[in-house]
Amino acid sequence: MKIENPDVKIVMDNISDFFKSKNYQSAISALTLAIELEPNYAEAYNKRATFYFMMGDYENSMRDIEATLYLEPRHFGALDGLSRILISYKNYDGALKVYQEMKKLMPNDLSVDMKIEKVGKTISVKTNYKLKNIKSDFSMLYVVHLNGKV
């Protein structure tokens with residue numbers, strides 16, 4: 001989408017300055033103004049989601065990611081941000097599904113392959129750990145049962 005509003009263009013042109021100065025709250029305020037002026041501009045929501053994420057405000061970041069994806073369902077950056085938040089909440093299965101969707105959008109992107117592999121390994125390690133504990137618990141119960149203590 002081409003930016004028609006000159007004030008929104010100024011905000012978007014200055015995003016890198018907000019990143020460099022780490023003035024995240026000012027960035028959020030400026031992007032909020034941009035969104036009020038151009039409510040259908042997906043990139044403004046996406047950038048604000050990024051600043052919320054950098055401040056650790058995952059709830060507001062998720063809201064803006066939802067808005068971004070509503071306006072632009074194939075927004076690669078928003079999908080990546082979504083997966084990062086899911087990982088921070090230890091929702092690895094959800095993150096893996098998002099990465100798999102990203103792979104459909106960008107089948108030749110090697111960075112997505114690496115992310116899928118990394119999250120897949122995390123899921124595998126967690127699954128193996130749980131299975132090991134279940135086996136250990138079961139073995140203990142079995143031994144207790146054999147000794148007549150159940």
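**Helix geometry in a predicted model**

Biologist: Which residues of H7 are buried?

Modeller: Buried means under 20% relative accessible area. In H7 the buried residues are Tyr-92, Gly-94, Ala-95, Leu-96, Val-98, Tyr-99, Met-102, Lys-103 and Leu-105.

Biologist: Are H3 and H4 roughly parallel or roughly antiparallel to each other?

Modeller: Helix H3 (residues 24-37) packs on helix H4 (residues 42-54) with the axes 9 Å apart and an angle of about 155°. Angles over 145 degrees count as roughly antiparallel. The two helices, H3 and H4, are therefore roughly antiparallel.

Biologist: What is the make-up by class of the contact of H3 with H4?

Modeller: H3 contributes Tyr-24, Ala-27, Ile-28, Leu-31, Thr-32, Ala-34 and Ile-35, and H4 contributes Ala-44, Tyr-45, Lys-47, Arg-48, Phe-51, Tyr-52 and Met-54. Sorted by class, the contact has eleven nonpolar, one polar and two charged residues.

Biologist: In which hand of crossing does H3 pass H4?

Modeller: The axes of H3 and H4 are 9 Å apart where the helices pack. The crossing of H3 past H4 is left-handed.

Biologist: What covers the buried residues of H5?

Modeller: In H5, the buried residues are Ser-61, Asp-64, Ile-65, Ala-67, Thr-68 and Leu-69. Their cover includes H4 and helix H6 (76-88).

Notes
Residues are numbered from 1 along each chain as its sequence is written. This is a predicted model: local features need pLDDT of at least 70, side-chain atom pairs count only at pLDDT 80 or more; totals for chains, interfaces and linings use all residues. Side-chain values use heavy atoms; hydrogens and water are left out. Axes are lines fitted to C-alpha atoms, for helices over the stretch in contact, and angles run from 0 to 180 degrees between N-to-C directions. Helices (H or I, at least four residues) and strands (E, at least two) are DSSP runs, numbered from the N terminus. Angles under 35 degrees count as roughly parallel, over 145 as roughly antiparallel, 65 to 115 as roughly perpendicular and the rest as oblique. A crossing is left-handed if the near helix is turned anticlockwise from the far one by less than a right angle, and right-handed if clockwise. Contact means heavy atoms within 4.5 Å. Ala, Val, Leu, Ile, Met, Phe, Trp, Tyr, Cys and Pro count as nonpolar, Asp, Glu, Lys and Arg as charged, and the others, Gly among them, as polar. Buried means under 20% relative accessible area, exposed over 50%, partly exposed in between (1.4 Å probe, protein chains only).
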